[in-house]
Amino acid sequence: MKLTALFNLSISNVQATIIAYPPSGGGNHLKNLLCASGAFANSSDLNLGPYDTGNREVHSTAGRNMNEYRMADALSSSGNFILHGHFGELAQYRSEINAIEQKRFVIVTLDTSHDRRLLQTRQNRLGQQSHDYYLHEEQHFLYQPQMYSTYFTGQESDIFSFPLTELWHSVINYTTAWDRLNSFLGINIDLAQAQQLHDQWRANNQMSSYYF
């Protein structure tokens, strides 16, 4: 069924967890960690191949993170479906996302200069150079809760901020962020399993050389 037809159907029962993150911010890795819990309609998206082969990027979706087929899958799903993408990718499907009543946002935020410098380091290593204005202004403000309760129709209580420094830290739950995320999403992520996958992602990105 085409997206336009699905959009005309009642989608009051559709559930979505939407991950928003800056380029190179680790959003695909975060999605994989959530998929490893088996708690989502598309948990089978998890692809361990990039981790095992030493790939620095761990995309589970070919091409762009958001596309018409991915959106259609979410709208026709009977379970909690993970959508993920950069702000611009999500914004292309603003109408469809805003029509989903049962949605929660998990945002990788760049709250401090430390967050932003870490992101810049990984972007540079991946060959994704960014201007300081882009990093400290556009990217900082695009990944703040206000954007997801205004441009999108998220309720404040349904928006979870995940600072990049907490997501990338070597100890996955050192600030209890994952405990809070478990509670927010109503799931039970196996933190020991998640830590193993996180260790591999950090090793593939040689992250210990610039962040503990």
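A residue counts as buried when its relative accessible area is under 20%, as exposed when that area is over 50%, and as partly exposed in between, with a 1.4 Å probe and protein chains only. The model is predicted, so local features need pLDDT of at least 70 and side-chain atom pairs count only at pLDDT 80 or more, whereas totals for chains, interfaces and linings use all residues. Residues are numbered from 1 along each chain as its sequence is written, and side-chain values use heavy atoms, with hydrogens and water left out.

**Exercise 1. Characterise the salt bridge between D45 and K31.**

Step 1. A salt bridge requires a side-chain nitrogen of Lys or Arg within 4 Å of a carboxyl oxygen of Asp or Glu; for D45 and K31 the closest N and O atoms are 2.8 Å apart.

Step 2. D45 sits in the loop between α2 and α3 (49–52) and K31 in helix α2, so that the pair links distant parts of the chain, 14 residues apart; helices here are DSSP runs of H or I with at least four residues, and strands are runs of E with at least two, numbered from the N terminus.

Step 3. K31 has 0% relative accessibility and counts as buried, and D45, at 15%, counts as buried too.

**Exercise 2. Describe the pairs E89 with R64 and E166 with R180.**

Step 1. The closest N and O atoms of E89 and R64 are 3.0 Å apart. Because E89 lies in helix α5 (residues 87–91) and R64 in the loop between α3 and α4 (68–75), this pair ties together parts that are 25 residues apart in sequence. E89 is buried, with a relative accessible area of 3%.

Step 2. For E166 and R180 the closest N and O atoms are 3.2 Å apart, and the pair links helix α10 (residues 164–168) with helix α11 (residues 177–185), 14 residues apart. E166, at 16% relative accessibility, counts as buried, whereas R180, at 38%, counts as partly exposed.

Step 3. Salt bridges that share partners join K31, D45 and R70 into one network, and the count by this rule comes to 6 salt bridges.

**Exercise 3. State which helix gives the largest share of the lining of the largest pocket, and describe that lining by class.**

Step 1. A pocket is an open set of points on a 1 Å grid over the protein atoms alone, with protein on both sides within 12 Å along at least five of seven lines, and its lining residues have an atom within 4 Å of a point.

Step 2. Helix α2 (residues 27–35) gives the largest share, 3 residues.

Step 3. By class the lining has 5 nonpolar, 11 polar and 4 charged residues, where Ala, Val, Leu, Ile, Met, Phe, Trp, Tyr, Cys and Pro count as nonpolar, Asp, Glu, Lys and Arg as charged, and the others, Gly among them, as polar.
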